[in-house]
Amino acid sequence: MVTNVSTEVRTRGQGDTKDLTREVAQAVTRSGAVAGVATVFVVGSTAGVTTIEFEPGAVADLDRAFERIAPRDAEYAHHLRWGDDNGSSHVRAAMLGPSLTVPFADGRLLLGTWQQVVLVEFDTGPRTRQVVIQVMGE
Ligand code: ZN
C-alpha cells in the first residue's frame, strides 16, 4: 500500500532548518501501515532533507560546514548564466540531497532519540516549500 501526503513548510532563507519528524510520524500513523518505509522529499533544487540532532548548536554547525564547502559570496557559474544569486544554494542542496527514507515498524519510525528528520533551506531568501511524504508499507 502506498499513500502520499503533501505539506507546505515556510522557511526564512539560507540555513533555516525545520523539524519534520512529527509530520512524518503522522503520515505513517494515518497510512494505517504497521511496517514499511516513509520517504520524505522536498520539491525544488535549493533545499535538502536529512537527519540531525535538532538543537541550535548542531544546526549552526551544519550551516557553518556548508558555508565552508560552498560559500555564499563565492563566484558561481550559475550567477553568470541566470543572473541568480543562489549558486551556493544549488551546490549545497545537491550535496545534501532532496530526500530521505526512514523505516518504520510497529507503526513507529525507527529513529534514534536524538535524531530528527529536518528540511534544510539553502535558498538565499524565504521560500514556501512543498514536502512530499510517501509511505509504503503493510
Ligand atoms: Zn538558481
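Predicted model: local features only at pLDDT ≥ 70, side-chain atom pairs only at ≥ 80, totals over all residues.
**Exercise 1. Decide whether Arg92 is buried or exposed, and list what Arg92 touches.**

*Solution.* Step 1: Locate the residue: Arg92 is found in helix H4.

Step 1: Buried means under 20% relative accessible area. Arg92 has a relative accessible area of 0%, so Arg92 is buried.

Step 2: Leaving aside residues up to four places away in sequence, Arg92 touches Gln14, Asp63, Phe66, Glu67, Ala70, Pro71, Arg72 and Phe122.

**Exercise 2. Now try Arg22: is it buried or exposed?**

*Solution.* Step 1: Arg22 lies in helix H1.

Step 1: Exposed means over 50% relative accessible area. Arg22 has 63% relative accessibility, and therefore counts as exposed.

Step 2: For a sense of distance, take Ala74, which is 52 residues from Arg22 along the chain; their C-alpha atoms are separated by 36 Å.

**Exercise 3. Describe the largest nonpolar core and say which residues touch the most other members.**

*Solution.* Step 1: The largest nonpolar core has 20 residues, and Leu20, Val24 and Val117 touch the most other members.

Step 1: Another core, of seven residues, lies apart from the largest one; among its members are Ala58, Phe66, Ala93 and Phe122.

Step 2: Here is the background idea. In soluble globular proteins, nonpolar side chains tend to be buried together.

Step 3: Zoom in on Val117. Not counting residues up to four places away in sequence, its contacts include Leu20, Val24, Val40, Val49, Leu100, Val102 and Leu111.

**Exercise 4. Follow Val102 and find what it touches.**

*Solution.* Step 1: Val102 is found in strand S5.

Step 1: With a relative accessible area of 3%, Val102 is buried.

Step 2: Val102 touches Gly36, Val37, Ala38, Leu109, Leu110, Leu111 and Val117, again without residues up to four places away in sequence.

Step 3: Compare Gly112, which is 10 residues from Val102 in sequence; from C-alpha to C-alpha the two are 11 Å apart in space.

**Exercise 5. Step back and describe the whole protein chain: which elements does it have, and in what order do they run?**

*Solution.* Step 1: The protein chain has four helices and eight strands. From the N terminus on, they run β-β-α-β-β-α-α-α-β-β-β-β.

Step 1: Check the overall size. For 138 residues, a compact globule would have a radius of gyration near 14 Å; the protein chain has 16 Å, which agrees. Its C-alpha atoms fill a box of roughly 50 × 30 × 20 Å along the principal axes.

Step 2: Of the 138 residues, 40% count as buried. Among contacts with a separation of 6 or more, 82% come from residues 24 or more positions apart.

Step 3: Finish with the surface and the charges. The chain exposes about 7700 Å², with carbon and sulfur atoms supplying 51% of it. There are 13 positive and 17 negative side chains, and the centres of the two sets lie 3 Å apart.

Methods
Residues numbered from 1 in each chain as written. Heavy atoms only, no water. Helix = DSSP H or I, 4+ residues; strand = E, 2+ residues; numbered from the N terminus. Rg over C-alpha atoms; globule rule 2.2 N^0.38 Å. Buried < 20%, exposed > 50% of the residue type's maximum accessible area, 1.4 Å probe, protein only. Contact = heavy atoms within 4.5 Å. Areas by Shrake-Rupley, 256 points an atom, 1.4 Å probe, with all protein chains shown as cover. Lys, Arg positive; Asp, Glu negative; His and termini not counted. Charge placed at Lys NZ, Arg CZ, Asp CG, Glu CD. Core = buried A, V, L, I, M, F, W, Y, C linked by side-chain atoms within 4.5 Å.
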